[in-house]
Amino acid sequence: MTLPAPSAASPFVPLGSPSPAGTPVPRELVVGYFDGDAYPDVATTDFLEGTIRILLGRPGGGFDLRAPLDFAISSPNRIRTGHFDLDGFQDLLANGSGGHAVLLGNGDGTFAPAQGIVEPLLPGKNVREIAVGEFNPDAFDDVAYGTGDGHVGIALSTGAGTFVPGGDVLLPLPGVVEAITTGDMDGDGDLDVVALQLGGLLYILEGDGAGGLSLAGPAVVLGGTPKSLLTGVFNLSGGLDVAVLDDVHQQVRIYAGGPGLSIVLPPIASLPLPQAGLVMAKYRTLPPLEALAVITIDSDTFTDGHLLFLAADPVTGAWSSEEIEVGSQVLVGLAVADVDLDGPADLIVGAAPFPFYVVDGVIQAYSATGP
Ligand SMILES: [Ca+2]
Ligand SMILES: [Ca+2]
Ligand SMILES: [Ca+2]
Ligand SMILES: [Ca+2]
């Protein structure tokens, strides 16, 4: 599949001012609603300082940087939002080299001190990837995880900011679980897990609605070197489909969901990227289809970030790509939310000057004001 040339005129414009000095390099960037207003907020990790930073959204599209939150676990890596207790305020779960920490939200932009879960979610397992979802019907968000030694499983929330083991599956082949995501792949009302293993192996694992998990079938051999994935409605036939970001082959590939818990080979679209893919996010719904935003980077120099918008035509289903002009920065993080409360989702981009590991980062929103 070939792509039309990116249009020169980007429909996206910067929204509000960039985040203030002191913003860490926002390699991990999630959106939440932490202080009770309608403006989306951001949580990110400061890998160097070993803290979590909250940026509260303010009218006009900027962000106020709050004081660092102690993480209690070394080297924060992934961070996710969820509801892990009864109070209705959004909470945070982060993992790092030493385990996990839960920070329960107070609803005013502050958080209770981190509850370090020094053991990994399950003892002896090297959890690398986490995804939040409701795997049993108790209104507390649970956690799906993938480990460095081939396990995919679920940790069930107790409702007090702690977790107990749910289902755990050892994948048939050894290897690092590179990425996981959630989605009800067969539409039976129970959340399922999709996992990517090193070597381009994709597994669908069926959730039983009570925290259990089982392999739905053998590995689907995608090939290539996919590093992250998302579920979404990416074609016109209904049901959930899967998008994977392959950084070495510089592609986003879209696979259609098949009957039951399956996906169909070959991909329905293979969208070339100008350089290595770094981060992918679902951008917005163009009913019935969902679109994607992707950050790419020159993987030799770690400079020259590009931001692309991938979308399927809602009539023909054909995918195309458009570049969004964001200046010559190193782009490292990406999230999606309606920052200016006008309806369409906006992009929240994490960037850093080169060399990005020794200087402040910046978080900037871009508004989808154009067509
Ligand atoms: Ca807010
Ligand atoms: Ca809460
Ligand atoms: Ca639950
Ligand atoms: Ca299901």
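Predicted model: local features only at pLDDT ≥ 70, side-chain atom pairs only at ≥ 80, totals over all residues.
Analyst: Let's start with the nonpolar core: a set of buried Ala, Val, Leu, Ile, Met, Phe, Trp, Tyr and Cys residues joined through C-beta atoms within 7 Å. Residues count from 1 along each chain as its sequence is written, while chains are lettered from A and ligands numbered from 1 in written order.

User: OK, how many residues does the largest nonpolar core have here, and which have the most contacts inside it?

Analyst: As a general idea, nonpolar side chains in soluble globular proteins tend to be buried together. In this model the largest core has 111 residues, and Ala243, Val252, Val294 and Ile348 have the most contacts inside it. Strand E28 (residues 330-337) gives this core its largest share, six residues.

User: What does isoleucine 348 touch?

Analyst: A contact is two C-beta atoms, placed from the backbone, within 7 Å. Leaving out residues up to four places away in sequence, isoleucine 348 touches Leu29, Val31, Val42, Ala335, Val336, Ala337, Val339, Ile363 and Ala365. Alanine 365 is also the bridge partner of isoleucine 348 in E30.

User: Which strands make up the sheet around that pair, and in what order?

Analyst: Strands are DSSP E runs of at least two residues, helices H or I runs of at least four, numbered from the N terminus; two strands pair if DSSP finds at least two bridges between them. Here an open, antiparallel sheet of four strands runs E1-E30-E29-E28. Strand E1 (12-15) and E28 are its edges, each pairing on one side only. Inside the sheet, E29 (residues 346-352) and E30 (residues 362-368) are joined by five bridges.

User: And the sheet that contains E11: which strands are its edges?

Analyst: That open sheet has the order E11-E12-E13-E14, again with antiparallel pairing. Its edges are E11 (127-133) and E14 (163-170). E11 pairs with E12 (residues 142-147) over six bridges, and valine 132 has valine 143 as its bridge partner in E12.

User: Why is strand E16 largely enclosed?

Analyst: Look at burial on both faces. All six residues of E16 (residues 192-197) are buried, so the rest of the structure largely encloses the strand. Asp192, Val194 and Leu196 cover one side, Val193, Ala195 and Gln197 the other. E16 is joined antiparallel to E15 (residues 177-183) by six bridges and to E17 (residues 201-207) by five. Alanine 179 has leucine 196 as its partner in E16, and alanine 195 stands opposite tyrosine 203 in E17. The E16-E17 hairpin has three residues between its strands, and glycine 199 there takes a positive phi near 100 degrees.

User: Zooming out, how many helices and strands are there, and where is the pLDDT below 50?

Analyst: There are zero helices and 30 strands. The radius of gyration, over C-alpha atoms, is 20 Å, close to the 21 Å of the globule rule (2.2 Å times the number of residues to the power 0.38) for 371 residues, so the chain is as compact as a globular protein of that length. Of those residues, 49% count as buried. The pLDDT (the predictor's confidence in each residue, 0 to 100) averages 89, with 92% of residues scoring at least 70. Residues 1-9 are below 50.

Methods:
Buried ≥ 20, exposed ≤ 12 C-beta atoms within 10 Å, placed from the backbone.
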